[in-house]
Amino acid sequence: MKKKIRQIIVGEKEYVFVINKQYNQGVSEISLSISLKKLKNMTCSFHFCTWDDPITGSPLLVGITLRKIGTSDTENFNLHYPRIVKHFIQYGLENGWNVANRTVFNDGLEILSKFGYDVIPLKP
């Protein structure tokens with residue numbers, strides 16, 4: 001299966017990102033890899049582990065309504081949304097990724113909770 005590389009501009013820089021998924025007995029393992037367009041080997045990667053539905057797939061990829069902590073507002077969340085990817089780029093840059101090194105964040109759900117989302121419905 002060919003990887004779909006998507007582009008996004010944040011600030012004045014052009015980034016590319018790829019979302020990979022792997023399913024294993026009711027568990028969905030997803031990775032979001034981001035890099036500058038010209039430095040594709042220096043990635044910032046985020047890994048997520050959620051439940052998986054055999055019919056609809058992973059909630060992060062097909063969309064799920066998540067509650068914002070503190071406000072009780074709900075938001076339709078999908079990892080394919082450019083505004084969501086932009087948040088992850090900014091998080092990576094603020095937490096050690098300088099686009100010239102490789103950085104891996106293994107608990108993407110913890111990062112989502114730092115963004116203010118209630119991630120309990122996503123846990124396997």
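## Overall fold

Of the contacts in the chain with a separation of 6 or more, what percentage do residues 24 or more positions apart account for? Such residues account for 46% of these contacts, where contact means heavy atoms within 4.5 Å. This is a predicted model, in which local features need pLDDT of at least 70 and side-chain atom pairs count only at pLDDT 80 or more, while totals for chains, interfaces and linings use all residues. Residues are numbered from 1 along each chain as its sequence is written, and side-chain values use heavy atoms, with hydrogens and water left out.

The chain contains three helices and seven strands, taken as DSSP runs numbered from the N terminus (helices are H or I with at least four residues, strands are E with at least two). In sequence order these elements follow the pattern β-β-β-β-α-β-β-α-β-α. The radius of gyration is 14 Å, close to the 14 Å that the globule rule gives for 124 residues, so the chain is as compact as a globular protein of that length; the radius is taken over C-alpha atoms, and the rule is 2.2 Å times the number of residues to the power 0.38. Along its principal axes the C-alpha trace spans about 40 × 35 × 20 Å.

Buried residues make up 40% of the 124 residues, where buried means under 20% relative accessible area, exposed over 50%, and partly exposed in between (1.4 Å probe, protein chains only). The accessible surface of the chain comes to about 7,400 Å², and 51% of that surface belongs to carbon and sulfur atoms; areas come from the Shrake-Rupley method with a 1.4 Å probe, and for residues only the protein chains shown count as cover.

## Aromatic contacts

The structure holds nine aromatic pairs, in which rings of Phe, Tyr and Trp (its six-membered ring) have centres within 6.5 Å, with planes under 30 degrees apart counted as stacked, over 60 as edge-to-face and the rest as tilted. The rings of Phe88 and Phe115 have centres 5.1 Å apart and planes at 65°, so this pair is edge-to-face. Because Phe88 lies in helix H2 (residues 82-94) and Phe115 in the segment after helix H3 (108-114), the pair ties together parts that are 27 residues apart in sequence. Phe88 is buried at 0% relative accessibility, whereas Phe115 is partly exposed at 23%.

Ring pairs also link Phe46, Phe48, Phe88, Tyr91, Phe105 and Phe115 into a cluster. Elsewhere, Lys68 lies over the face of Tyr117 at 4.4 Å from the ring centre; the criterion is that NZ of Lys or CZ of Arg is within 6 Å of the ring centre and within 35 degrees of the ring normal.

Strands S5 (residues 64-67) and S6 (residues 74-77) run antiparallel and are joined by four bridges, pairing being assigned if DSSP finds at least two bridges between two strands. Ile64 has Phe77 as its bridge partner in S6. The two strands form a hairpin with six residues between them, and Gly70 in the turn has a positive phi of about 95°.

In a regular strand the side chains alternate between the two faces of the sheet.
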